[in-house]
Amino acid sequence: MFKMFKFNYYVVLVLLFTKSNNGKEMTDIEALASLPTRCTYEYAYEMYGAHCAGLRLSKIPSLRGGIEILDFSDNKLQELHADTLSSYTSIKYLYLAENQIYSIDKDAFTYLTYLQTLDLSKNVILELSDSIFQLPSLRKLYLNGNPLLHLSLNGMEITKPIKAPLELLDLSDCKIKTLPDFGVLPQLLLYNISHNPLISFDPSPFSSMCKLAKVDVTESLDKIKVCDMKLTIMWFQEKRVYFQLGDYTRLNSREYENCRKMELPESLNISYHNCRMAYTEIQSIQTSRKTWLTIGGGLAGFLVGFVLLLYIMHRHNVAQTKKTTKEVKKVPPTENSTATEVLLNDVAYVPYLRTYEGDYTILLLQTARFLVKAWEQAEAGKTVTPTVSYISRSIKGEKFSWQSTDEGIIKSFQAVSAGKIALCVKSIRDRMKSGLDYEDAWLLTTVQLVDAAEAHCRSVILETYWNEVRRLTKSSSDSVKIVMHQLVTLYLTYWTLQRTGDLLRYSSISEKDIDFMQRQYEELLQQIRPNAVALVDAFDLRDEILHSSLGAYDGRVYERLMEQAENNPMNVEPVNQSFYKYIKPLLQGKL
């Protein structure tokens, strides 16, 4: 997997030394012109990657989203800031070798929770961040060829035990004199510390690597006496760890045989036993996770089937409802049933319809996923869709003071939506910093995400309603225009009073402004009331559609109720015979 994108780069290098079609060798200018000038994208091992190697770039350009491999080796990158890679959280393989990196921010890799391989070789790194060793998926770490790293490596404070499940660690050619203490590394298989001027070779660091299979110490033990390395060699031999040397003659010499006899300290076995326990715990967690994944997969399959069944039932119910509506149109409710019975019949469908939709939570979470992606795009300076353009304004820090106008209310609700989205993004990132992966952090933030999605939908509805009324009433009469604008203002004012808590938190609205909105709401109701009947009639809802027991298209609601009561078989006679047969004798005490 290492350097999987180097192929194209090598092809270019080969072409530099080939002759042109005219039989002439390429000049230096022609050779430079033939090099790629921008990052290319391709698939490797069924993963989407960006190849930016050898472009002499001093910073990482804006790349496509969703990349899992990034090869940015052989460039001029010097610093890694917290936001350098924060937009590419899906990266699994990151190659930054042969740059000029000397500074790495402590949060530079925090968001790369899926990162499995990190290559920082052949740079001039002054100090490593502890966050590198806490990446939950990091298995291979290449730090070789950093000549200044030894200045801070032994003094570096590392949170132990480290969370990274390291299987390969390369510290070769880093001018290290004393082996660093990384604590327990229960999954480490390959450890390369070759070409370092070691002055000691203590077995303690290796006792905490219980799965270690190979150690490369080529040209690293030249300054150490043969007898001083015997204890570590004995440890390797007992634990069957293959150690690679450039020259084994010193170990086969008489000097090594004449070294005093040594016994392995009990502290090494204790460290080794603790490492084995940690490894067993990791294996049990992985086994449990696989088991739960299997169970979860089965439950997911069941839920998919159940949701599909509900959907089929929903479609059947919709078809039955449409059929019933057609029948009701043919037979008015006044003939065979009361309007109240029809109303109750319609109400009976409501709980089922809402249950089928899952209370709309799934749709809101899908909307929230779109909003989080839009926020990340806006942070990266990319253009977002018009419905979320307010996010870009929020990220740029644009301030908006409360205004009790239609447009001011809409902008304030957009500020509420932007504030809630920002809070969701922050919560997800904070949970990822604590060690959770992205999906777990997302699940723990779902309550906030649903709230943010609702706020966004509300702001879109308010803005769309306002814009459409303005557009449609341009050619209307002044009287119609006034009434329609009153309705818009009433709707905006209503939601302002319903969401005062959100507005107080995310906008500059004051208590005085809320009092003004309350008075405006009551005044609007008074202004609209004379036109209320006309506005309702404007919807042109017929009785067979309205199915109301309290209202009728022609206004004869009470007359119609009286007619229905008189047509009931129980009311054919002024006084029913059952009264004379049962109730009257009871009242007279003769029953």
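Select R470 and W466. R470 lies over the face of W466, 4.3 Å from the ring centre. A charge counts as over a ring if NZ of Lys or CZ of Arg is within 6 Å of the ring centre and within 35 degrees of the ring normal. The model is predicted: local features need pLDDT of at least 70, side-chain atom pairs count only at pLDDT 80 or more, and totals for chains, interfaces and linings use all residues. Residues are numbered from 1 along each chain as its sequence is written, and side-chain values use heavy atoms, with hydrogens and water left out.

Next, select R369 and W442. Here the charged end of R369 sits over the W442 ring, 4.2 Å from its centre.

Now turn to the aromatic pairs. The whole structure holds 14 of them. Rings of Phe, Tyr and Trp (its six-membered ring) pair if their centres lie within 6.5 Å; planes under 30 degrees apart are stacked, over 60 edge-to-face, the rest tilted.

Select F201 and F206. This pair is edge-to-face, at 5.6 Å centre to centre with 70° between the planes. Both F201 and F206 are buried (under 20% relative accessible area; exposed is over 50%, partly exposed in between; 1.4 Å probe, protein chains only).

F206 is in helix 4 (residues 204-207) and F236 in helix 5 (residues 230-238), 30 residues apart. Helices (H or I, at least four residues) are DSSP runs, numbered from the N terminus. F236 has 1% relative accessibility, so F236 counts as buried.

Last stop: select Y191, F201, F206, F236, F243 and Y248. They form one aromatic cluster.

Methods:
Helix = DSSP H or I, 4+ residues; strand = E, 2+ residues; numbered from the N terminus.
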